Amino acid sequence: VASTTHSVLRGLGLAAMLSFALAPRASLERALDWTLAPLRVVAEVAAPLGWIEIRRTRASERALAERKLEDVRERDALAQAQAHFALPQDPLLRGGRSFLQAEAIGRPEGQLDILQLRVPSEALDRVAPGMPVASGDVYVGRIERTDRDRGLVFARLVTAGDFRVGARVTETAPEPQPLSLVPAEGIRLVLGGLDEGPTGRRGDVRLAVRHPSEPIQRQAWVRVDEERSGAERYRAQANGFLLGRLVMRAAEKRSVSFSVEAPVDFRGGLFRLVIVGPAGHFPDPGLELADVLASSDWIASRTLTRGDPARLRDSLKLALGALNGVETGAAVVFGARLVGRVVRAGPLLVDVQLLGEPGFALPALALVEGREQPLELGRIVSLGRAQGSRTRIRFVGALVRPEESFQSVQGAGDALRARVFSGSGEALLPAGLCLGSAELSIRGHVLELVLDTQSDLRDLSRVWVRLGRAVGSDSGGARP
Amino acid sequence: VKLDLVLAWLALLLWATLAAAAQGALGHGGWLGRATPDLCAILCLALAARVDKRDLDRVWITCALGRAAVSAEAPLAILSGMAVLVLPVRWMRSVVDLRAPLARALLAGVGCLFLEVWSAWVLRERTLAALGAVPAVAEAWSSRAGWFAGGGWARALASTAAALLLGGALASLPGLRSLQRRKTWAPADSWR
């Protein structure tokens, strides 16, 4: 009887472990991390195995160090291009308005329709609820509130279920025309929230069309028109910004219905935005370049492993932990290069997921050769290393309206050459960290890129980890 | 508790960690990397076939901890994988002498293939769960992440060969002798 009981208990325990391995519970994993903290001692014993490949380590680190200046220069060029293209490009949208640059740095927990924005601290008092927020010519939402204590601004996106904005249909498709050509009495409608109906393509984010003043018959462009929204204080500043293109969503019982496809990626592609105010309200649109490599924000660490015993894993084990202030999700860099992110922060050990591990995901953007405007790639995710390669990593993503993103630069089926950088919008992952050079290609809506990191990131013997909060002093000397 | 037994278990933890770390360092890339045997699993199976039945759980837990010390895999995934790895040993040790070269090689090959598939499955489930908020990306990733084939088989075959050649030696590494049964007739002894 005792033996049977043991077997049953063992079977139940095994089933529970298998189940929690596939569907993890954060609290359980955290408890296990703390329980297994003494394994740091054992990991230290295995660390000297890294000396076997010391030549390769030195070569990889030298290659990355030599590229650091170039990486920083390209990051600055990217920031300038982002700042330029965050402003409306249509001259008619610049008139009678002033602009304030803002960087999306994250979203509150569980609130995908709210963006946390960083603005120049001296301009925080000038930001007011209701001000439109735009990305180039595209209207994306309005200011909801400011948090002076944290120096942040919160914007509500047009995708929020309770968001409403007045709009007008123009008869210009497929390309928008200057506002002067827009018919004065186009069809009026209200937009806001996501369209919940069948969208044709899985994963599309389309805006719901509400109360059109007359039946919509054809595809066209939609722009903001808040003239009839008397309560909107900043309607004059919002009017004319582009909302998107009306596209047919379904044919139901002989009737045709439409939704609006916005030309921006609301989920993973809003990095640099502008807040729109009345003329002269924002005297200086600039957003100072944050020094993301400031040494007080990073902590140096040596690596304890070279490679992971699990074949698919591409990881590093670091000789520090949560007790040093490291948090899950923190960026890990070498020089100005992003090499990975903290995937688990135990008290004394940190696991780093490198770029080459299948499933590594981040918001990204690219500087494409022959294209001035940075290409927002949205959220890309790693498929792992290319067959037989130590430095080439395959990524995949989904582009919003790729035909327009690529139209101006892509030849027939050619891959684009680009430099890829981290985008903003995720905590502890600074924008503008270089990932390497890449070849981009597109199939349908799927973006594929082959990234070349120039070094095998598993060879690194030391890295720097982004801290959750600045430690206020130097992290022991050198910057990343 | 005898001191020599405590030291023996610590020695197993150390050897398992070194085996896993060496496997990670050797498996860096290229065809040789993909054909790196799963040394930690081979050590676990070789010893599991030689210890007293009541020590089986300690063997896989210790080997799993050694692997967790140098791997970024979730500790629960490693623990559950190792627990399943030794299940055949638990069931078959009373009918087959699992210390015999052919039996241990076969067991190591199948066991390593299982660990490969299990590791890939856990990674896939966790990745798709994390990408759930971006269905288009999750869909694209899911349709292209075909990593069940190729390297997994190479590692399983390499593990089969390594278990055939090294299995006995791994179980007799310094410090592990006192964990092994003293009796010579394994099938009969394993009932104990």
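Predicted model: local features only at pLDDT ≥ 70, side-chain atom pairs only at ≥ 80, totals over all residues.
Local features need pLDDT of at least 70 and side-chain atom pairs count only at pLDDT 80 or more, while totals for chains, interfaces and linings use all residues. Residues are numbered from 1 along each chain as its sequence is written, chains are lettered from A and ligands numbered from 1 in the order in which they are written, and side-chain values use heavy atoms, with hydrogens and water left out.

**Chain A**

- The secondary structure of chain A consists of eight helices and 24 strands, where helices (H or I, at least four residues) and strands (E, at least two) are DSSP runs numbered from the N terminus.
- Chain A has 480 residues, and 56% of them count as buried (under 20% relative accessible area; exposed is over 50%, partly exposed in between; 1.4 Å probe, protein chains only).
- Of the contacts in chain A with a separation of 6 or more, 66% are between residues 24 or more positions apart; contact means heavy atoms within 4.5 Å.
- Carbon and sulfur atoms hold 52% of the accessible surface of chain A, which comes to about 20,400 Å² (Shrake-Rupley method, 1.4 Å probe; for residues, only the protein chains shown count as cover).

**Chain B**

- Chain B has 10 helices and zero strands, so its elements read α-α-α-α-α-α-α-α-α-α from the N terminus on.
- Buried residues account for 59% of the 192 residues in chain B.
- Among chain B contacts between residues at least 6 apart in sequence, 74% join residues at least 24 apart.
- The accessible surface of chain B is about 7,900 Å², with 70% of it on carbon and sulfur atoms.

**Interface**

- The size of an interface is often given as the accessible area lost when the parts come together.
- Chains A and B bury about 5,100 Å² between them, 67% of it on carbon and sulfur atoms; buried area is the accessible area (1.4 Å probe) that two parts lose on being put together, summed over both.
- Leu22(A), Pro309(A) and Arg311(A) supply 15% of the area that chain A buries against chain B, more than any other three residues.
- In terms of contacts, 56 residues of chain A meet 59 residues of chain B.

**Gly27(B)**

- Gly27(B) sits in the loop between α1 (3-26) and α2 (30-34) of chain B, and is partly exposed, with a relative accessible area of 24%.
- Beyond its neighbours within four places in sequence, Gly27(B) is in contact with Arg458(A), Gly33(B) and Thr36(B).
- The C-alpha atoms of Gly27(B) and Pro37(B) are separated by 8.6 Å, and the two residues are 10 apart along the chain.

**Cavities**

- A cavity is a set of points, on a 1 Å grid over the protein atoms alone, where a 1.4 Å probe fits but cannot get out; lining residues have an atom within 4 Å of a point.
- Grid points are joined across faces, edges and corners, and a volume is the space filled by probe spheres set on the points.
- There are five cavities of 30 Å³ or more, and the largest cavity holds about 160 Å³ of space.
- The largest cavity has 17 lining residues, with Asp33(A), Leu36(A), Lys317(A), Leu349(A) and Asp351(A) nearest its centre.
- By class, this lining of the largest cavity has 10 nonpolar, two polar and five charged residues (Ala, Val, Leu, Ile, Met, Phe, Trp, Tyr, Cys and Pro are nonpolar, Asp, Glu, Lys and Arg charged, and the others, Gly among them, polar).
- The second largest cavity has a volume of about 100 Å³, and of its 13 lining residues the closest to its centre are Arg67(B), Glu73(B), Leu115(B), Trp118(B) and Ser119(B).

Terms used. 1 Å grid on protein atoms, 1.4 Å probe; cavity = no way out; pocket = protein on both sides within 12 Å on 5 of 7 lines; lining within 4 Å.
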